[in-house]
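Here's a quick walk through a protein model with a ligand in it. Have the viewer open and follow along, one region at a time.

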Amino acid sequence: MAKTAVREGEQSKTSEVSGLDSERLIEIYRLMYLSRRTDDREIMLKRQQKIFFQISGAGHEALLVAAGMALKPGYDWFFPYYRDRALCLTLGSTVEELLLQGVGAAADPSSGGRQMPSHWGNTRLNIVSQSSATATQVLHAVGCAEAGRYFSRHPEAAEKHDGDYRAFKDVSFHGDEVVYTSLGEGSTSQGEFWEALNTASNQKLPVLFVVEDNEYAISTPVEVNTPGGNISKLVANFPNFYFAEVDGTDPVESYRVFKEAVAYCRAGNGPAFVHGHVIRPYSHSLSDDDRAYRPKSELEADSLRDPLQKMQMFLLREGILDAEAINRLEKQVDEEVRQAAERALRAPFPEPASIPLHVYSEDYDPTRAELQTKPAQTSDSQERTMADLINACLKDEMRRDPRIVVFGEDVADSSREEYLREGLVKGKGGVFKLTAGLQTEFGSDRAFNSPLAEANIVGRAVGQAVRGLKPVVEIQFFDYIWPSIHQFRNELSSMRWRSNGTFSSPAVVRVAIGGYLTGGSIYHSQSGESIFTHTPGVRVVFPSNALDANGLLRTAIRCDDPVLFLEHKRLYRETYGRAVYPGPDYMIPFGKAKIVREGKDLTIVTYGAVVPRALQAAQKAKREHGIETEILDLRTLSPYDWEAIATSVKKTSRVIIAHEDMLSWGYGAEIAARIADELFEDLDAPVKRVAAMDTFVAYQPQLEDVILPQPEHIYQAIAKLARY
Ligand SMILES: Cc1ncc(C[n+]2csc(CCOP(=O)(O)OP(=O)(O)O)c2C)c(N)n1
Ligand SMILES: [Mg+2]
């Protein structure tokens with residue numbers, strides 16, 4: 001473990017140590033000044049209402065130019081945050097590229113006008129698109145580093161492959177690349193920061209964490225976010241790290257530290273943590289006025305540490321540049337920024353017609369009819385459960401695609417490999433055994449346990465998928481998906497759209513969902529799919545039987561979009577819906593419903609565990625009243641098969657939407673609204689919904705029976721609707 005104390009005013013000594021010649025020292029100053037001037041220009045443009053948001057990197061320049069110089073653009077990977085203007089300029093972003101984002105221009109390389117300025121992204125430089133959410137990016141960095149290591153151990157996995165997402169996902173790796181990620185000291189309060197340190201430390205990943213400590217998170221001072229006021233003290237006991245704390249207003253000292261940190265990571269020793277003390281001379285953003293919470297004395301003390309002035313003094317003192325030369329350099333930079341702004345202001349805006357582009361992959365359409373294949377005949381003629389056929393699909397796909405990695409809580413057979421090797425244990429393979437045998441067959445690189453942290457699972461998957469791996473991760477229970485919802489909603493689903501199609505994260509998230517368990521409640525029985533169907537950019541799949549689960553999971557894995565794959569726990573081992581193994585290439589396109597029962601009198605639109613319940617209800621309605629009910633199993637909820645719904649409703653003129661989740665604001669509300677809107681003329685009766693009560697699911701089985709929709713509830717609805 002290395003340790004560097006904060007030292008100020010020792011630049012001349014350390015510059016020799018750091019191998020920085022005069023030319024490099026001048027370049028450091030030029031980049032720092034360029035960064036500050038770009039901020040100043042943006043501030044002016046914002047005041048003139050030519051751009052719409054401004055957040056500065058002022059005060060952080062020295063630390064970030066040093067970081068940029070210690071790393072390799074287009075070789076190493078970068079997950080920075082909004083203060084990292086100087087890093088991006090050092091890596092090779094142009095001022096014009098940065099200003100194009102402020103304007104919201106179509107040519108903005110980070111987002112095509114979709115994100116605020118200072119939300120960096122550049123494929124040329126391996127700067128990955130980031131959101132505004134504080135600290136989500138550090139988990140992406142961890143996933144990215146895992147992917148880099150994986151590809152260097154399994155280079156064959158990087159090969160292109162026609163017929164699935166791999167045809168569109170180029171992989172590059174070197175084996176010794178470092179992954180940079182940064183965040184403010186306030187953001188270290190986020191759980192994701194600690195979840196990232198956990199995995200980087202455990203796996204000795206080459207991640208360079210940089211904390212830019214300007215002592216404020218908007219108006220909240222450092223001691224509120226960091227007990228004791230110093231994050232270095234809190235993280236000091238994480239194993240395998242290189243640690244350094246540095247005066248981040250001193251570029252020479254910062255460079256020395258970064259050189260060491262990067263060398264440590266590149267050599268494969270583990271992660272590094274650089275804690276830079278910087279200042280924030282401007283307010284948090286242009287929407288904030290720091291005079292409301294920082295006294296003048298404090299701002300004055302900060303101004304004495306301004307990195308620009310300090311570096312200028314250093315160059316003069318060392319005789320590297322005289323006042324005139326500094327003046328000339330600054331004039332050149334001023335002119336560069338002025339010209340870049342002029343060009344950016346002339347750049348065309350994005351066309352409104354482009355808005356829907358890149359919500360989903362334009363390259364691979366998982367809804368196309370050709371994906372539908374016939375089940376193959378194999379030597380295995382036994383009827384298998386949904387659990388069996390999901391497990392079989394995972395194995396088939398892992399054999400076919402070496403980029404697939406499976407992880408989550410308890411998904412490994414045993415993290416202590418020697419227990420398996422020595423035959424001491426059989427292995428766990430998931431709390432529902434859906435991943436049983438994967439580690440044993442494919443090794444611990446490809447099937448492994450995560451820490452007990454759901455954001456860790458989804459956040460790492462994002463970073464892995466950006467690099468070209470195919471993470472197929474498991475969330476143990478839908479009830480515990482919530483710690484990952486931030487990663488899910490703000491990262492996984494938006495990566496492609498917000499980067500204007502330049503980055504994507506097509507991971508699969510498998511989740512055990514649902515009730516009817518008799519005693520599983522509250523927290524092992526809930527649904528909530530509509531929250532995810534209400535999220536653009538993600539596909540939501542919910543099979544009701546073994547064959548569909550097998551075919552749809554295969555489509556999910558091969559496709560180029562993120563997929564939430566919902567597996568009903570009650571259906572895992574039911575007799576209903578068992579099927580013979582359909583072979584290793586059986587696929588079902590997304591967005592194609594299945595008519596599970598034909599009828600002319602009434603339509604039920606449903607999915608998941610309500611499908612067998614609707615069938616029971618339909619049989620009773622036929623027996624008791626001769627009503628012929630048609631049942632549509634949607635199978636995928638986003639996209640969903642509107643054509644099949646419309647065709648059936650036009651035929652029967654009566655429709656019930658039945659689902660296990662709560663009635664109000666549930667999935668059925670959208671379908672009902674669209675039927676009312678587009679099929680009004682075809683209806684002979686009101687659109688009816690059958691769903692759970694608007695409560696939680698209770699433990700006492702008699703209560704659970706009342707809360708969740710039962711065949712009898714559906715039967716009553718059919719009988720009532722048929723009377724219209
Ligand atoms: C998850 C999340 N919560 C809140 C915010 C609003 N927000 C933006 S920046 C910020 C303060 C960040 O402070 P710090 O991490 O110290 O970084 P600094 O801005 O000081 O560089 C807050 C609260 C956000 N963007 N994301
Ligand atoms: Mg801060």
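## The loop around Ser-283

Let's start with Ser-283, which is found in the loop between strand S7 (272–277) and helix H11 (296–303). Bear in mind that this is a predicted model. Ser-283 has a relative accessibility of 15%, so it counts as buried, the cut-off being under 20%.

What does the side chain of Ser-283 reach? One of its polar atoms lies 3.2 Å from the backbone oxygen of Asp-288.

## Ligand 1 and its shell

Now for the ligand. Which residues come nearest to ligand 1? Out of 18 residues around it, the answer is Tyr-81, Tyr-82, Ser-132, Ser-187 and Tyr-216. Sorted by type, the shell around ligand 1 has 10 polar, 6 nonpolar and 2 charged residues.

The side chain of Arg-83 puts an N or O atom 2.8 Å from an oxygen atom of ligand 1. A polar backbone atom of Ser-132 is 2.8 Å from a nitrogen atom of the ligand. Then there's His-284, with an N or O atom of its side chain 3.5 Å from an oxygen atom of ligand 1. As for cover, ligand 1 on its own has 590 Å² of accessible area, and the protein covers 74% of that.

## Helix H10

Helix H10 takes in residues 251–266, 16 residues in total. From first C-alpha to last it reaches 21 Å, close to the 22 Å expected at 1.5 Å a residue. Is H10 largely enclosed or largely open? It is largely enclosed by the rest of the structure, because 13 of its 16 residues are buried.

Asp-250 caps the N-terminal end of H10, with a side-chain oxygen 3.0 Å from the backbone nitrogen of Val-252. Just after the helix, Gly-268 takes a positive phi of about 85°.

## Helix H7

Helix H7 (residues 191–202) has 12 residues, which should span 16 Å at 1.5 Å a residue. Its end C-alpha atoms are 17 Å apart, so the two figures agree.

Buried residues in H7 include Glu-192, Phe-193, Glu-195 and Ala-196, and Leu-197, Thr-199, Ala-200 and Ser-201 are buried as well. Following H7 is Lys-204, which has a positive phi near 50°.

How many disulfides does the structure hold? The count is 0. Take Cys-88: the closest cysteine sulfur, in Cys-144, is 15 Å from its own, so a bond is ruled out by distance. Cys-144 is in no disulfide either, as the nearest cysteine sulfur to it, that of Cys-265, is 13 Å away.

Are these cysteines tucked in or out in the open? Cys-88 counts as buried because its relative accessibility is 0%. Cys-144 is also at 0% relative accessibility, so it counts as buried.

## The loop around Glu-574

Last stop: Glu-574, in the loop between strand S14 (563–568) and strand S15 (579–580). At 17% relative accessibility, Glu-574 counts as buried. Its side chain makes a polar contact with the side chain of Arg-570, at 3.1 Å.

Methods
Residues are numbered from 1 along each chain as its sequence is written. Chains are lettered from A and ligands numbered from 1 in the order in which they are written. This is a predicted model: local features need pLDDT of at least 70, side-chain atom pairs count only at pLDDT 80 or more; totals for chains, interfaces and linings use all residues. Side-chain values use heavy atoms; hydrogens and water are left out. A residue is near a molecule or strand if one of its heavy atoms lies within 4 Å of it. A polar contact is a pair of N or O atoms within 3.5 Å; within protein, one must be able to donate a hydrogen and the other to accept it, and residues adjacent in sequence count only if both atoms are side-chain atoms. Accessible areas come from the Shrake-Rupley method with a 1.4 Å probe; for residues, only the protein chains shown count as cover. Ala, Val, Leu, Ile, Met, Phe, Trp, Tyr, Cys and Pro count as nonpolar, Asp, Glu, Lys and Arg as charged, and the others, Gly among them, as polar. Helices (H or I, at least four residues) and strands (E, at least two) are DSSP runs, numbered from the N terminus. The expected span of a helix is 1.5 Å times one less than its number of residues. Buried means under 20% relative accessible area, exposed over 50%, partly exposed in between (1.4 Å probe, protein chains only). A disulfide is a pair of cysteine sulfur atoms within 2.5 Å.
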